[in-house]
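Colleague: I am new to this structure and would like to go through it with you. Could you please bring it up?

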Amino acid sequence: AKAVALRNNGFARNLSLITLTFQNSALILIMHYSRIMPPSGDHRYFTSTAVLLNEVIKLAVALTLAIYETSKTLAPSTPATVLFEQIYNAVFSGDGWKLILPAAFYTLQNLLQYVAVENLDPVHFQVLYQVKILTTAIFSVVLLRRHLGIKRWVSLCVLTFGVSVVSLPSSETRVDALLLHGIPDHYFPRSKHELGQAVDLSTPDTHLTRRSATYEGIANDLPPPDPLMNYSVGATAAVVAAVVSGLAGVYFEKLLKESPSQTSVWIRNIQLSFYSIIAATLGGVIWQDGSGIREHGFFEGYNWVVWAAIGLQAAGGLIASIVIRDADNIVKNFATSISIVISFIVSVWVFEFTVTVTFLLGTSLVLLATYLYSIPERSRHRPPAVRIVS
Ligand code: C5P
């Protein structure tokens, strides 16, 4: 029975890892698309509202699962008030306040992720974001006292080198690509609001005039105009998000695995979402986007793509917490690094992504590092010889 349970556990773990890989690729592609597609209204949606709604969805799902989990431990005739009291106590007593820190970090990370995906193409974002493997490893050693062997440190150095290679800007190649393929639509101002209402994008003629004008501008005048995609802003946001992600993830793992209270992952998720909602409201909806939201409304610019990004992010957060519980943050990061390949294939098709030699070299190094890290360390101590006593 133990063997079957172990096999089932292994199956559930692998399933959550595979789901996370696909969720991650889909999330970044859809998030990127939601930031570059022509907006539904006069203004693109405010990212802080998406971060907040993501937390609200996670809170609702985690609460439902916690109610289900707790109800299994109670007698069938137990009144609902007792059930809710138990959950309330589990959430608000003990060390629940410790989730304030990861909640603040995850909120910052989620806000930065939007800045990064709107300024970078999905593949560059994914590769740069792999810095979180390095930060997660360092925080795991410091906070969780994990031991990493030489091979793992070497693979982390290869990873860092690969990410630096990819992050080298290559404007020349981009101009070549633009001349070859024409200018992708997403290099154009994304809304009337962002254009200062100067050009009416709804009339195809104006759009075309602007296209050709900008096209000639590129041919004569380097670097290419890209008024709304700013590589250095995107790269900085991606790397800072990676550092914050490493810290938040490892801290969450520490609370989940090392806390004497042995609180379930769903109660931890309720606590995390509760504090994240406060952080997203104060830091995002009020501070970051307050004036815009007051002027245009909370749901300005919402369409099904925005809802898809929010839904995928909420699902990803919940799956990530299961992977952190059943495996760890480092394993989670390696699973998501495989999604680079998926994003790459889709980007070549959908976003006219151009492959450069430096990009291929850097990405190969990142994938090689990922593989190197994942093969088990050879033990320095030989296992004791088995002695047969007759
Ligand atoms: O990039 P990274 O893998 O660190 O992203 C993890 C995502 O999962 C974050 O968006 C974070 O908000 C979410 N998360 C969550 N609940 C957890 C752990 C992570 O929603 N318990």
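Modeller: Let us begin with one residue. K257 is partly exposed, at a relative accessibility of 32%. Please keep in mind that this is a predicted model.

Colleague: Which residue forms a salt bridge with K257?

Modeller: The partner is E253, and the closest N and O atoms of the two are 3.1 Å apart.

Colleague: How many residues apart are E253 and K257 in the helix?

Modeller: They are four residues apart in helix α10, which covers residues 231-258, so about one helical turn separates them. In general, an α-helix has 3.6 residues a turn, and residues three or four places apart therefore point the same way.

Colleague: And E253, is that buried or exposed?

Modeller: E253 is buried, because its relative accessible area is 0% and the cut-off for buried is under 20%. K257, at 32%, counts as partly exposed.

Colleague: What is linked with E253 and K257 in a network?

Modeller: R146 and D328 are linked with E253 and K257 in a network of salt bridges. D328 forms a salt bridge with R146, where the closest N and O atoms are 3.8 Å apart. This pair links distant parts of the chain, 182 residues apart: D328 is in the loop between α13 (304-326) and α14 (329-337), while R146 is in the loop between α6 (131-144) and α7 (150-167).

Colleague: Are D328 and R146 buried or partly exposed?

Modeller: D328 is buried, with a relative accessible area of 17%. R146 is partly exposed, with 29%.

Colleague: How many salt bridges are there in the whole structure?

Modeller: A search of the whole structure gives nine.

Colleague: Let us step back, then. How many helices and strands does the protein chain have?

Modeller: The protein chain has 16 helices and zero strands. Of its 390 residues, 47% are buried. Among contacts with a separation of 6 or more, 85% are between residues 24 or more positions apart. The accessible surface is about 19800 Å², and carbon and sulfur atoms account for 66% of that surface.

Colleague: Which residues of helix α5 are buried?

Modeller: They are P122, V123, H124, F125, Q126, V127, L128 and Y129. That is eight of the eight residues of α5 (residues 122-129), so this helix is largely enclosed by the rest of the structure.

Colleague: What does S343 touch?

Modeller: Leaving aside residues up to four places away in sequence, S343 touches S25, L29, V123 and Q126. V123 and Q126 are among the buried residues of α5. S343 itself lies in helix α15 and is buried, with a relative accessible area of 0%.

Colleague: Changing topic, where is L108?

Modeller: L108 is in helix α4, residues 100-119, and is partly exposed at 38% relative accessible area. The C-alpha atoms of L108 and V240 are 9.5 Å apart, although the two residues are 132 positions apart along the chain.

Colleague: One last topic, confidence. Where is confidence lowest and where is it highest?

Modeller: Confidence is lowest in helix α9 (residues 204-220), with a mean of 37, and highest in helix α11 (residues 265-288), at 97. The pLDDT is below 50 over residues 171-226, a stretch that has 68 contacts in the model beyond near neighbours in sequence. Where pLDDT is low, the predicted coordinates should not be read in detail.

Colleague: What does the pLDDT average over the protein chain?

Modeller: The average is 81, and 79% of the residues score at least 70. The model scores ipTM 0.95 and pTM 0.80.

Key. Residues numbered from 1 in each chain as written. Predicted model: local features only at pLDDT ≥ 70, side-chain atom pairs only at ≥ 80, totals over all residues. Heavy atoms only, no water. pLDDT = per-residue confidence, 0-100. Helix = DSSP H or I, 4+ residues; strand = E, 2+ residues; numbered from the N terminus. Contact = heavy atoms within 4.5 Å. Buried < 20%, exposed > 50% of the residue type's maximum accessible area, 1.4 Å probe, protein only. Areas by Shrake-Rupley, 256 points an atom, 1.4 Å probe, with all protein chains shown as cover. Salt bridge = Lys/Arg side-chain N within 4 Å of Asp/Glu carboxyl O.
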